[in-house]
Amino acid sequence: MWFAIACLVVISSLILAAHRMGGDRRDCPTCPEMVPISGGAFRMGDETSRANPEERPVHLVEVPGFAMSKYEVTFAEWDACVAAGACSDEIFDQEWGRGRRPVVNVGWDEAQTYVQWLSKITHRIYRLPSEAQWEYAARAGAQTRYSWGDDMLPGRAVCYSECGEEADKSAVVGSTAPNAFGLHDLHGNVWEWVEDCWNDTYDSAPADESARNDGDCERRVVRGGGWLNYASELRSAVRMAQPTSIHFSSLGFRVVRID
């Protein structure tokens, strides 16, 4: 009898642990679906002949575990924030439709409003990913140009040219295959805001997942490339600066949760 009780306790503990690690991955019905990512170390940046100066020097970064949204934040998720009176109702969808398309034409400050609202209603810590978290997630254990290798493959990303079918607008999230971490659209579809202030190089960059709050904070970093870009601009290491107030049709964001 005692053996049976002990077995039930162990089984219950395993079920609870599985739930905490991923069972129900939404913290509310209209919240983004989150994917738990184990921590690890990786080499951030690119020093090959294909690299841009701002992708250097390559440096080793230790990243603790965290959770990241499986997809870019969608219009449906944004509109839930609008309905709650917390987010702007003036975000233009380019007349492409809303729903499961990634929210676009959103500035860094507006993305901050969304993560603050998400944190408030869930009582958990949501924010934009740091550059280190974003690149760690995009690489998904690879040091190649893309998470699957050095060559762009048809159907793996949404972009203007060299990705297969030529894109003329954003795609519904999850239209392409996930990477090894189970995340979609880190290469292409829309550029994604991250937390960090812009710096021209990785000189003095943190050796952990911390966002950089020094440098040019009137501009923030965007990652991943978008539907208007060529495949070469979708590499895991590519980074670009944008003013925090800018809006354009291939710019959105995704979120992380600190567990």
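Modeller: Start with the grid. On a 1 Å grid over the protein atoms alone, a cavity is a set of points where a 1.4 Å probe fits but cannot get out, and a lining residue has an atom within 4 Å of a point. This is a predicted model: local features need pLDDT of at least 70, side-chain atom pairs count only at pLDDT 80 or more, and totals for chains, interfaces and linings use all residues. Residues are numbered from 1 along each chain as its sequence is written, and side-chain values use heavy atoms, with hydrogens and water left out.

Biologist: How do you know which residues line the largest cavity?

Modeller: They meet the lining cut-off. The residues are S147, W148, R156, T176, A177, P178, N179, L183, H184, D185, L186 and H187. The volume of the largest cavity is about 80 Å³. A volume is the space filled by probe spheres set on the points, which are joined across faces, edges and corners. The structure holds two cavities of 30 Å³ or more.

Biologist: What makes up the lining of the largest cavity by class?

Modeller: Five residues are nonpolar, five polar and two charged. Ala, Val, Leu, Ile, Met, Phe, Trp, Tyr, Cys and Pro count as nonpolar; Asp, Glu, Lys and Arg as charged; the others, Gly among them, as polar.

Biologist: What makes up the lining of the second largest cavity?

Modeller: M44, H59, V61, E131, A132, D196, Y202, A205, P206, D208, S210 and R212 line it. The elements giving two or more residues to this lining are β3 (59–63) and α4 (131–139). Helices (H or I, at least four residues) and strands (E, at least two) are DSSP runs, numbered from the N terminus. By class, the lining of the second largest cavity has six nonpolar, two polar and four charged residues. Its space is about 70 Å³.

Biologist: Which residues lie nearest the centre of the second largest pocket?

Modeller: A157, V158, E165, E166 and A167, out of 15 lining residues. A pocket is an open set with protein on both sides within 12 Å along at least five of seven lines. The second largest pocket holds about 210 Å³ of space. Six of its lining residues are nonpolar, five polar and four charged.

Biologist: Why are β8 and β9 called edge strands?

Modeller: The order is β8-β7-β6-β9, in an open sheet with mixed pairing. β8 (239–243) and β9 (251–253) have a single partner strand each, so one side of each lacks a neighbour in the sheet. Neighbouring strands here are turned by 55 degrees against each other on average, direction ignored.

Biologist: How do you know that β6 and β7 pair?

Modeller: Two strands pair if DSSP finds at least two bridges between them. β6 (residues 191–198) and β7 (residues 216–223) have four bridges and run antiparallel, so they pair. W198 has D216 in β7 as its bridge partner, and C197 stands opposite R220 in β7. Five bridges join β7 to β8, also antiparallel, with R223 opposite R239 in β8.

Biologist: Why are β1 and β5 edge strands of the other sheet?

Modeller: That open sheet has the order β1-β4-β10-β5, with antiparallel pairing. β1 (34–37) and β5 (125–127) each have a single partner strand, so one side of each is without a neighbour. The twist averages 30 degrees from one strand to the next. β5 pairs with β10 (residues 256–258) over three bridges, and R127 has V256 in β10 as its bridge partner.

Biologist: What makes the α2 and α3 arrangement roughly perpendicular?

Modeller: The axes of α2 (residues 75–83) and α3 come within 11 Å and cross at roughly 75 degrees. Axes are lines fitted to C-alpha atoms, for helices over the stretch in contact, and angles run from 0 to 180 degrees between N-to-C directions. Under 35 degrees counts as roughly parallel, over 145 as roughly antiparallel, 65 to 115 as roughly perpendicular and the rest as oblique. The label for α2 against α3 is therefore roughly perpendicular.

Biologist: Which residues meet where α2 touches α3?

Modeller: E77, W78, A80 and C81 in α2 meet E110, Y114 and W117 in α3. Contact means heavy atoms within 4.5 Å. The contact has five nonpolar, no polar and two charged residues.

Biologist: What makes P57 and N105 worth a flag?

Modeller: Most residues other than glycine have a negative phi, and most peptide bonds are trans. The bond from R56 to P57 is cis, with omega near -5 degrees. P57 lies in the loop between β2 (40–44) and β3. N105 has a positive phi, near 60 degrees, and lies in the loop between α2 and α3.
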